[in-house]
Amino acid sequence: MVGYWELRFELFDEHAFERLSLELLGAEELDLLEQDVVRLLDDVDESGRGLLLCDRSLIPSGNRINRRIAMRTMFYLFEIASECKSIQTNGASIIVHFSDVFHISSFDGKLARKFWSLATKFVPVRIRSLHCLHSNFVLKTVLPLLRAAFGKDLRHRFIIHCGTREETIKSLREYGILRNSIPMSCGGDLRATGKIWLHERRTVERIRDLRL
């Protein structure tokens, strides 16, 4: 619990003890949400687990996401995920989708470690699994090495799906994650619209604040 508040203060400074909302996020964090780079998906898997998406394919090849911006945005998503009763009971899975054309210079190992530490140690959400989707030769080598660096308890929850979009979507189905839950950018059928999600989330937060 101490680590949670220390990280929250590190990321949100003087606003750390306020209830997290979109109002506390900056333009760059809101842009990640609007562009569907990161998203708490509306559906759950067949076991009732929530689904958090990081679609790296929507970031131009060769570019890296600012670590602080990425961490603030994901911390916010984990917070709202923790409000969902199904996620409170069953936990959540994370899906990371990489582009077909991926340069090793785009891979930020330090951010990957920070993100996994955030997901497994500091936020009030039980992460059941991490699914990585890709069809890239470089990642075919890098991701197994990254998985090997994790402890035994975490290693079996790090699942790599390598192949075409159709093949990775079929592979996700084996873990109870259905095609209609996955955005089209990842090969699924869901028409993800970050602008609509942001609008709906702002409405939820306004109603919540009126009840306080």
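This is a predicted model: local features need pLDDT of at least 70, side-chain atom pairs count only at pLDDT 80 or more; totals for chains, interfaces and linings use all residues.
Visitor: How much space lies in the largest pocket?
Guide: The largest pocket holds about 320 Å³ of space. Its lining comprises 15 residues, and those closest to its centre are Leu 40, Asp 42, Ile 80, Trp 197 and Arg 201.

Visitor: Which elements give two or more residues to that lining?
Guide: They are β1 (38-44), β2 (50-55) and α9 (194-211). Strand β1 gives the most, with 5 residues.

Visitor: And how do the residues of that lining divide by class?
Guide: The lining of the largest pocket has 9 nonpolar, 1 polar and 5 charged residues.

Visitor: What volume has the second largest pocket?
Guide: Its volume is about 170 Å³. The residues lining the second largest pocket include Glu 28, Asp 31, Leu 32, Arg 64 and Ile 69. By class, this lining has 6 nonpolar, 3 polar and 3 charged residues.

Visitor: Which helix gives the most to it?
Guide: Helix α2, residues 27-34, gives the most to the lining of the second largest pocket, with 3 residues.

Visitor: Turning to α2, which of its residues are buried?
Guide: Glu 29, Leu 30, Leu 32 and Leu 33 are the buried residues of α2. They line one face of the helix, because they fall within an arc of 150 degrees when seen down its axis.

Visitor: What covers them?
Guide: The cover of the buried residues of α2 includes β1, α3 (67-81) and α9.

Visitor: Which exposed residues are on the face turned away?
Guide: That face of α2 carries the exposed residues Ala 27 and Glu 28.

Conventions
Residues are numbered from 1 along each chain as its sequence is written. Side-chain values use heavy atoms; hydrogens and water are left out. On a 1 Å grid over the protein atoms alone, a cavity is a set of points where a 1.4 Å probe fits but cannot get out, and a pocket is an open set with protein on both sides within 12 Å along at least five of seven lines; lining residues have an atom within 4 Å of a point. Grid points are joined across faces, edges and corners, and a volume is the space filled by probe spheres set on the points. Helices (H or I, at least four residues) and strands (E, at least two) are DSSP runs, numbered from the N terminus. Ala, Val, Leu, Ile, Met, Phe, Trp, Tyr, Cys and Pro count as nonpolar, Asp, Glu, Lys and Arg as charged, and the others, Gly among them, as polar. Buried means under 20% relative accessible area, exposed over 50%, partly exposed in between (1.4 Å probe, protein chains only). The arc is that of the directions from the helix axis to the C-beta atoms. Contact means heavy atoms within 4.5 Å.
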